[in-house]
Amino acid sequence: MSDIGLENTLPWGKYKGQKVAEIFKKDAAYLCWLREQRKKESSDTKFFAREVHLLLDAAIDSEKSLRFHYTSWGTNLVAEHEVAQDMARQRAERAAIDAACYDESWGMF
């Protein structure tokens, strides 16, 4: 199984049947451990969906106890996310400018 998101339930393990979002709230270290184990066993870096990776990396970066045991998978996932957000913002700005130019040059109907 791959791409497990925040709303998915784990099909096995300590928290079998519980949503990833709920597990994160009570035991983020378990999800960090699970991610590391999956990578060691099968080199599967896409086990969790991007949203989960971002959340785990943020937790690792902000919590000293997690940072002591785990390392953030890092900037690549976060950078991709930030680039996607920036591109979406630029598209929205261009669309607003195009709409304003259209209204000024052609008038409103």
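The side chains of K19 and E7 form a salt bridge with an N to O distance of 3.1 Å, the term denoting a side-chain nitrogen of Lys or Arg within 4 Å of a carboxyl oxygen of Asp or Glu. Both residues lie in the segment before α1 (20-42), so the pair ties together parts that are twelve residues apart in sequence. The model is predicted: local features need pLDDT of at least 70 and side-chain atom pairs count only at pLDDT 80 or more, whereas totals for chains, interfaces and linings use all residues. Residues are numbered from 1 along each chain as its sequence is written, and side-chain values use heavy atoms, with hydrogens and water left out.

The whole structure contains four salt bridges, including these:

| Pair | N to O distance |
|---|---|
| K19 and E7 | 3.1 Å |
| E22 and K25 | 3.5 Å |
| D57 and R35 | 2.9 Å |

E22 and K25 are three residues apart in helix α1 and are thus separated by about one helical turn. The D57 and R35 pair links distant parts of the chain, helix α2 and helix α1, 22 residues apart.

Exposure is classed by relative accessible area: buried is under 20%, exposed over 50%, and partly exposed in between (1.4 Å probe, protein chains only). K19 is partly exposed at 37%, and E22 is partly exposed at 40%. E7 is exposed at 55%, as is K25 at 63%. D57 and R35 are both buried.

Helices are DSSP runs of H or I, at least four residues, numbered from the N terminus. The buried residues of α2 are V52, H53, L54, L56, D57, A59 and I60.

Notes:
Helices (H or I, at least four residues) and strands (E, at least two) are DSSP runs, numbered from the N terminus.
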